[in-house]
Amino acid sequence: MDHDSWSFLVKRWSEDYENYQRLQHELAVSKEECERLRGEVRTLQQKTEQQECSNPVIPQTSVKDVHDHSQRELYGAEAGIEKARSEYTKLRDLLQASTAQIESLRTENKALREALNSQEGQAQDQRVTNKPDDTQSTVAATQALKVENAGLCEERDKLLQQCNQHLTKLHSFQISVTAAHAENTRLHKQIQEATGQIQQLQDEMEKITAMTTKFEDIKLGYKRRIDSQCQEAQQLKHLIDVRSAENKELQDKVANLKDSLSKSREHNKSLTSMVANLQDIMQHKSAGVCFDSPSNKTLKKDGMEQCKPTIPDQLPQLPGSLVSTSNKQPQLTPMPRERHEAFANSPQVIPEISGDLETSKFLFERSFLTSTIGGNRQSLIVRVVNSQTTLAKSKQISTYLCPSLDHNPWCPTTPGQHGYMFVGLGREKDTFLEPQNYHVFVGLLKDVSYKRRQYSYVGVYRAVRVQPLTVDEWNTLSESVKTTYVSRTKEKVNHNGSLAQMRTAYDGGELAVPCVKLECIDFDNTLFTSLVQLNSNSAEMSGQSPLSGKRRRVSLEDSANGSQRKSRTRKSFIELS
């Protein structure tokens, strides 16, 4: 083999070795790429597991980016493996070419050996036949060929050794490529699973997005409703302001009407006093009596002296009053100014009653109230739970009050009037602690005109306990009321002292009269009309006309003088009121 052949062989071997080194480097790069992809897959699996545990709301764009990135990495890994596979094929082809070349070199070497042997044989023959000088040159050539042959053999052995090493490395590289392919397949499968999980997450994200859109629509609807309600509230506020202004105007009108009404009442009182004085003058004139007083001046007319009428100290009650002022009956104690001022802000109820309250059909006995409403005939607080009549059920009456004026001089004397009653001894001390509404029937002062005490309906009242009477207020009560209340205290309270001792305790303030405020809030015309009708029917069945019944006298004189008033005077008196 000549020198050019060996140079070509060495050059091809070095190129193959360089290709082998490059393929090893690409294999290392592919392994690093596989490890990186494996790490990314593990990271993606961990993130997926964390997302499944915590179920956070992942933006749809992030999931899509991760999916695209995984796809790109997978495609890159597949391209790298494909490239490594092509390089492996090239290397295998080169190895096969090198093997063929080695075989050709072996064949050539064998041919060279045969040629060498033949040359040696020829040289031997020449040694025999030729001259000594030719023999020496032949021997020298033979030695040179032997040396060259030994060098070629050594080169051949080195090439064989390197080829075996290349084959071993190529085999290990093939094993690594197979393992990388298997790992790539496994990673591809994991990526597919991750892709399926990502698809599920995307579906869940779509559901969550749909729910979020629905919630946004609901929120928008609620916002619109709230805006609408705010507008309605503004309108209502404006309407309230308008109504408040109208209410203020009405309150001003009511205040003006109250002032006018107060002035009218004062005027009526003065007219009533004048009528009463005129009646007294007529009565005394008929009896031939004239008041003599230093303040009276005599007037002469037609030669006769006339007495100027005097205004009495005590004015009579208004028509419709429930109290008799006969000198045979105890006088009512006026209510103190402080107690009057407690009703300064209370509304004034003015019932519409047609007729004269003094007629007997407007006055009721306790037996009549018991039969028509229920309850007993003795207690002031009448409970009708177990004896409720049809009328009481229709008006939802479970309890009503029947205070009498001889024990409660501050009670209302006309319908709609405010007042107080003295209730709270014994078992009644825990009553009226909270405001409650009751129908109230006031018992009139006893009169010889009636066999039994008469009661008059004055309206619906809100009753609540207030401060008891002070010593000054106790001192304003009449003696008969004080005596009656001391006796009542002795009956209801377990007290060891005598009546005198108890009277001393009241006078000194050790004991105080309990007080309940009665504020009129309504007048039940339906109940009143029903009671009047039933009372009229009862009077007709007993043979007595209710219109011809005895009246309560309102006069400065006794009942005899009051009974002599003429009907036209009574009529004019009522018209003035």
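## Getting started

The model is predicted, so a few ground rules apply: local features need pLDDT of at least 70, side-chain atom pairs count only at pLDDT 80 or more, and totals for chains, interfaces and linings use all residues. Residues are numbered from 1 along each chain as its sequence is written, and side-chain values use heavy atoms, with hydrogens and water left out.

The protein chain has twelve helices and eight strands. Here, helices (H or I, at least four residues) and strands (E, at least two) are DSSP runs, numbered from the N terminus. Of the chain's 577 residues, 35% count as buried. Buried means under 20% relative accessible area, exposed means over 50%, and partly exposed is in between, using a 1.4 Å probe and protein chains only. Among contacts between residues at least 6 apart in sequence, 75% join residues at least 24 apart; a contact means heavy atoms within 4.5 Å.

Rolling a probe the size of a water molecule over the atoms shows where empty space is left. The search runs on a 1 Å grid over the protein atoms alone: a cavity is a set of points where a 1.4 Å probe fits but cannot get out, a pocket is an open set with protein on both sides within 12 Å along at least five of seven lines, and lining residues have an atom within 4 Å of a point. Grid points are joined across faces, edges and corners, and a volume is the space filled by probe spheres set on the points.

A search of the whole structure turns up five cavities of 30 Å³ or more. The largest cavity has a volume of about 220 Å³. It is lined by 17 residues, and the closest to its centre are W13, D16, L95, S98 and H166. Helices α1 (3-54), α2 (60-129) and α3 (132-287) each supply at least two residues of that lining. By class, the lining has twelve nonpolar, three polar and two charged residues. For these classes, Ala, Val, Leu, Ile, Met, Phe, Trp, Tyr, Cys and Pro count as nonpolar, Asp, Glu, Lys and Arg as charged, and the others, Gly among them, as polar.

Now for an open space: the second largest pocket has a volume of about 980 Å³. Of its 33 lining residues, the closest to the centre are Q378, S379, L380, R488 and K492. The elements giving two or more residues to this lining are α5 (366-372), β3 (381-383) and α8, and α8 gives the most, with four residues. By class, the lining has ten nonpolar, eleven polar and twelve charged residues.

Helix α8 (residues 479-492) has 14 residues and reaches 20 Å from its first C-alpha to its last, close to the 20 Å expected at 1.5 Å a residue. That expected span is 1.5 Å times one less than the number of residues. Which residues of α8 are buried? They are V481, K482, Y485, V486 and T489. Seen down the axis of α8, they fall within an arc of 135 degrees, so they line one face of the helix; the arc is that of the directions from the helix axis to the C-beta atoms. The cover over these buried residues includes α7 (471-476) and α9 (499-508).

Helix α9 has its own buried set: M502, R503, A505 and Y506. Viewed down the axis of α9, these fall within an arc of 155 degrees, so they line one face of the helix. They pack against α7 and α8. On the other side of α9, A500, Q501, T504 and G508 are exposed. Just after α9, G509 takes a positive phi of about 90 degrees.

## Single residues to look up

Strand β6 holds Y438, which counts as buried at 10% relative accessibility. Leaving aside residues up to four places away in sequence, Y438 touches T399, L401, F432, G459, V460, Y461 and A463. F432 sits in the loop between β5 (419-421) and β6 and has a positive phi of about 60 degrees although it is not a glycine. F432 is also buried, at 6% relative accessibility.

Is Q396 buried or exposed? Q396 is exposed, with a relative accessible area of 71%. It lies in the loop between α6 (390-394) and β4 (399-401). L444, in the loop between β6 (436-443) and β7 (455-466), is buried, with a relative accessible area of 0%.
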